[in-house]
Amino acid sequence: MTVRTRIAPSPTGDPHVGTAYIALFNYAFAKAHGGDFVLRIEDTDQVRSTAESEHAILEALRWTGLRWDEGPDVGGAKGPYRQSERAAMYRAHAAQLVESGHAFHCFCTPEDLAEMRQAQMAAGETPKYDGRCTQLTETEVRKRLTDGIDHVIRMRIPKSGDCVVHDRLRGEISIPWAQVDMQVLQKTDGLPTYHLANVVDDHLMEITHVIRGEEWIPSAPKHQLLYQYFGWDMPELCHLPLLRNPDQSKLSKRKNPTSILFYREQGFLPEALLNYLGRMGWSMPNDAERFTLKEMVESFDIDRVSLGGPIFDIEKLRWLNGQWLKSALSDEEYVTRLMAWGFSSEFFQRALPHLKTRIDVFSDASEWLSPLWTQMPEVAPDALTAVDLSEEQTQCALQFLIWRLEALSPWDRSGVEASIRFVCEGLEIKLKQLMPLVFLALSGRQQAISAFDLAILLGADRTRARLRQALEVSGGVSKKALKRLEKSYADACRAVDSTGEAH
């Protein structure tokens, strides 16, 4: 048997370090057994999936040094490797489940489902689908299908007993069927949900081991049941522990930069990042702290993974990156890497329009370019209070801008400017009041080159990270206040969308 593993990112946002972590362990396991590592794109969420996000994910994973044997960019015998291009396969398999009685058509409206869940919660029950459409007669189902009534396809779940799933690291996991929902397999648009597509793809691509994060453990019974319904052998499951912040909470961008491209833009070495991720719950037999990808593969044993939540600490990553810089690079390679990061011709071509209008001698350039070379600008709390906004307005403006920029694609000057104007309109403040705050958050100064241009030169990841830092310096936003801000932000989005302004 040829060992085959896969990574299946969804192109709905920034390329996450958690994706690189899972990809690394899949790669190491496959290569340690002389097998294949596959990359496929799970883009069935047509509303949120973007080509820009897919490009960023592939670019980020390539930058780390990981290479896949099959994928949307390199091809392979089991393609296509984008789920959006495999829709006909999923529809055929969903129809097969309906025909065999393992799935059914559900005609419940969103209003029906909301009412159902509210009633269950009021009764102290776990909200889930109550199976009402399983009671429809065959004649009723045919009539509703003929009438063109919107519907989904759901899988049937046993009404009693427990599902026992075997996990390589955790042994037998028992989950009562009463806790498992009748999962939607095919949406009203005819596209599959993750659960159907995941099982069909893993079978047709002959994946032998599914190595994924522990957040997918609750879905394992549904997947195992689907394999049984189809009469297929299930891959071996291995659920890795989730990466965590130093406070033990789940790794999130609110407490740690999570985009792979952020670390590239900050000047970390890809070898150091992979090295650090490789130490997340695993260690070399000789306890070496610095090791290459090749050395990891040669020594990799997945059974030595620890289930304790691995801590992703950026300061420890900085230390490890320093060890690579001090010990792993020759002088020549050091200069080459440094020039490629911050002194490339491409960088200066982008910065040139701003330099030519501002400097008289070349030594002045360091003053204007320093915000681009700084890991994080120093933003003092008293500097934030000096801007022409109240503390509450400052925190609201920063949070609104972060949310708006997280949704911005593509990342361009007009979009950044529109986002800033959106915040002004949503909070009813003037542009001249907001701009000093944005200047300060991005550069550490009251004045710099245009904030719109600075955001483009910094890129999406570093811009958003600096805004998050400024928000924390301002005192941050409590959970209670965040709920209120989310509602205000949604109202502002609806107001802007209705007028067509600030886009």
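# A colleague's note on the loops, strands and cores of this model

1. Let's start with a proline: P80 sits in the loop between α2 and α3 (87-99). The peptide bond that leads from G79 into P80 is cis, with omega near 0°. Element names here follow DSSP runs, numbered from the N terminus: helices are H or I runs of at least four residues, and strands are E runs of at least two. A cis bond also joins S409 and P410, where omega is about 0°. P410 belongs to the loop between α16 (391-406) and α17.

2. Before going on, a word on what you are looking at. This is a predicted model, in which local features need pLDDT of at least 70 and side-chain atom pairs count only at pLDDT 80 or more, while totals for chains, interfaces and linings use all residues. Residues are numbered from 1 along each chain as its sequence is written, and side-chain values use heavy atoms, with hydrogens and water left out.

3. Buried means under 20% relative accessible area, exposed means over 50%, and partly exposed is in between (1.4 Å probe, protein chains only). An α-helix has 3.6 residues a turn, so residues three or four places apart point the same way. Just after α17, E428 takes a positive phi of about 55°.

4. Next, look at strand β4 (residues 152-155). V152 and R154 point one way, I153 and M155 point the other way, and all are buried. In a regular strand the side chains alternate between the two faces of the sheet. β4 pairs with β3 (residues 103-106) in the antiparallel sense over four bridges, and with β7 (residues 184-186), also antiparallel, over two bridges. Pairing here requires DSSP to find at least two bridges between the strands.

5. Is H105 buried or exposed? This residue of strand β3 is buried, because its relative accessible area is 16%. Not counting residues up to four places away in sequence, H105 touches V98, C133, V141, L145, H151, V152 and I153. Contact means heavy atoms within 4.5 Å.

6. Which residues touch the most other members of the largest nonpolar core? Among its 58 residues, they are F25, L240, Y263 and L277. Elements that give two or more residues to this core include α1 (17-32), β2 (36-39), β9 (236-240) and α11 (314-327). The largest share, eleven residues, comes from α1. A second, separate core has 52 residues, including L405, V416, L437 and L482. Such a core is a set of buried Ala, Val, Leu, Ile, Met, Phe, Trp, Tyr and Cys residues joined through side-chain atoms within 4.5 Å.

7. Leaving aside neighbours within four places in sequence, Y263 contacts V17, W63, P257, F268, L273, F312, I314 and L317. W63 is also touched by P270, a residue of helix α9. P270 counts as buried because its relative accessibility is 14%.

8. D313 is one to click on. This residue, in the loop between α10 and α11, is buried yet has no salt bridge; K316, the nearest side chain of opposite charge, is 4.9 Å away. A salt bridge needs a side-chain nitrogen of Lys or Arg within 4 Å of a carboxyl oxygen of Asp or Glu. Lys and Arg count as positive and Asp and Glu as negative, while His and the chain ends are not counted. D313 touches P246 and Y276, not counting residues up to four places away in sequence.

9. Finally, two loop residues with positive phi. E206, between α6 (194-204) and β8 (209-213), has phi near 60° although it is not glycine. Q248, in the loop between β9 and α8, is not a glycine either and has a positive phi of about 80°. E206 is partly exposed at 44% relative accessibility, and Q248 is partly exposed with a relative accessible area of 46%.
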